[in-house]
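Please read them alongside the sequence and coordinates.

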Amino acid sequence: MDATATAARPKPTASATLPAGDPKIVAKDVNVYYAEKHALKNVSLDIPERAVMAFIGPSGCGKSTFLRCINRMNDTIASCRVVGSIKIDDQDIYDPSLDVVQLRARVGMVFQKPNPFPKSIYENIAYGPRIHGLARSKAELDEIVEQALRKASLWNEVKDRLQDTGTGLSGGQQQRLCIARAIAVSPEVILMDEPCSALDPIATAKIEELIDELRQNFTIVIVTHSMQQAARVSQRTAFFHLGVIVETGPTERIFTSPNDKRTQDYITGRFG
Amino acid sequence: MTLIYLLGLVLVAAGAYVVGRQKGVTFAMAGGASRMHSLPSYHGAYLAVSAIAPMLLWFILWLVFAHRVVEWGGMSALPADLAPADGLAYASRLREILLVADGVQTNEVAPGVRAAGETYALWRGLSEWTLLIVGLGLALIGFAWGARQLEPQFRARNGVERFVKVLLIACSAVAVLTTVGIVFSVLFETLRFFAKYPWYDFLFGLQWSPQTAIRADQVGASGTFGAVPLFAGTTLIMLIAMSVAGPIGLFAAIFMAEYASPRVRGIVKPVLEVLAGVPTVVFGFFAALTVAPFIRSTGEALGLNVASESALAAGLVMGVMIIPFVSSLSDDVINAVPQSLRDGSYGMGATKSETIKKVILPAALPGIVSAFMLAISRAVGETMIVVMAAGLAGNLTFNPLEAVTTVTVQIKTLLVGDQEFDSAKTLSAFALGFVLFFFTLVLNFIALRIVQRYREQYD
């Protein structure tokens, strides 16, 4: 577990080293069905703590489906059925006694398209802390909002206009606002579903930098269509194809010497 | 004759289209489609439009002016001793002339009138022939003008596009002008009323008793037209109705949009909308025969004094009637809130009701406000239920257990039966209508401002 980032974006080697220890998330034999369609087949995967794990693969391969299993967002889709076990810190998240609301407070999510609420920037961030009762006073809430915005490197850009509406920001700022919103409830895991696919290269670069900083404190799982992005930001990569994980390992190894021919074909652009 | 004219219009359009299209096809054969600016069908449409547009305009002009000319012709044929002195005599003379012209009555009228009637019939025939001949002439000119322009490079498509635009503008102008026309027709009668009755007494008077004396020696029937009790009654019933329809409709909408499975929604929504199709008279039965007695007996059991016709009964039933207006529209706007906002909120660990309360309803607010405004307009304009269930007594009260009356009910009462059109009693109906119109206009304006203010919050 000593993958280093690729040369695409220079990074200090020390921070790129994976911390040792037990994996944060352990998935075992996960199967997902959408009505009749068998979308994920016997997926088993360990996701390490305080590192970035990237899911790559062609469209419709199940990577987003698996991501949405981790905070049970698939519950909102009526026809979706999940079988198997996913454990976070040894706790099965599909245990009937588990409160999905608390799970989602621990496992935040950032979506493909920036989706700030039609409220002020401040209210966007304060939303989560309010519903989970994290702040006892206005001052405390202000502090949470500021910290979340700072961690999402958005504070300097918006500190003078916290009452402006969040939808008035640029696309990249909106996405960082959504990341700040997720951070505000202090989750342990942040799931990102193609967070840069709606953004321009400069905004993408900023988000990637941010992801790299966030892994000091959070376990991050990112779905991406861009192999360069996976190479730049992640320490481990899982390659999905047709509902199964073909290969998983340190990012550098996946991109330099893949074991499976399908992985090789995908990363060299033969299909996908 | 007008029917023949309109039929001719259709034929001209069809004929011109065929000719134009044929011409277009010829161009295409000669030079290849690539060198033409517009498709052959646009050449056809352009020719059809240039032929029928002058026909249509002429028809409208004829409709507006022809009958006046004919009338003038008939009247001026009257001998001097039969010429009408005032407007009333003019109308009755015209009726006689018309009867003669239609051949209904030719025996019992004065010879002068008969002659005038015959002149009238002659002029009328002439005017119809003029319509047809001038119309066809104009069509020919338009056709020739259009046909001369057609050539491979001619921009027929742009021409047709311009015509479509003009047509659409004309249609919206009809809607706007109708509104303006209604306002003015009511406004003039209102001004006549205010010439007979001071406007401040009308707007701020606290007593409504519109009985005016028919004979000069009648007692106690001077007529006071203080509209405040009516507007108070209208407001009271509207508030009761909205306090029923607002929450029930909104919650039903939330259920349908957020909680119900598509199958349940597919059943519940049409069933709720059936409610909007029930004639208001039927709701009136229900209010007068079922709800009002029930409220009365319940009130008596509680030791309350309830009138047998009460604002509460009318308001409750009206509330039920307007539930579908609130629920159906709100359901649509809630459904239009992007799924990404829901995902965002669920992803933060919000529950369903938190998401609805804090994200979906604020985002859907403009639409919900307009749904409420539509329902309020319906409630304010509703007449039948109130007539049947709330009574006619113009009490100035905000006690929902008493009988009240509303503006619309009084308008209906004032205008039913034989009326002189110059008495204050009749004219007051127009004043009421005008103020009511103004009232709903203000409501709509406020709603529009609210919607504008909160719009653009999500893309």
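1. Contact here means heavy atoms within 4.5 Å. By that criterion, 25 residues from chain A and 21 residues from chain B take part in the contact. This is a predicted model, in which local features need pLDDT of at least 70, side-chain atom pairs count only at pLDDT 80 or more, and totals for chains, interfaces and linings use all residues. Residues are numbered from 1 along each chain as its sequence is written, chains are lettered from A and ligands numbered from 1 in the order in which they are written, and side-chain values use heavy atoms, with hydrogens and water left out.

2. Chain A and chain B bury about 1700 Å² between them, 60% of it on carbon and sulfur atoms. Buried area is the accessible area (1.4 Å probe) that two parts lose on being put together, summed over both. On the chain A side, A:Pro118, A:Tyr127 and A:Ile131 lose the most area to chain B, and together they make up 32% of what that side buries.

3. Four residue pairs are in polar contact across the interface of chain A and chain B, both residues at pLDDT 80 or more. A polar contact is a pair of N or O atoms within 3.5 Å; within protein, one must be able to donate a hydrogen and the other to accept it, and residues adjacent in sequence count only if both atoms are side-chain atoms. The interface has zero salt bridges, a salt bridge being a side-chain nitrogen of Lys or Arg within 4 Å of a carboxyl oxygen of Asp or Glu.

4. Which elements of chain A each supply at least two residues of the side that touches chain B? They are α3 (100-106), β6 (107-110), α4 (121-131) and α7 (171-183). Helices (H or I, at least four residues) and strands (E, at least two) are DSSP runs, numbered from the N terminus.

5. Over all chains the salt bridge count comes to 24. One of them joins A:Asp89 to A:Lys24, with the closest N and O atoms 2.9 Å apart. The two residues are 65 residues apart, A:Asp89 in the loop between β4 (80-88) and β5 (91-92), and A:Lys24 in the loop between α1 (13-16) and β1 (25-34).

6. Chain A has 11 helices and 10 strands. Its C-alpha atoms fill a box of roughly 55 × 45 × 35 Å along the principal axes.

7. Chain B comes to 15 helices and two strands. The C-alpha atoms of chain B fill a box of roughly 85 × 80 × 35 Å, taken along the principal axes.
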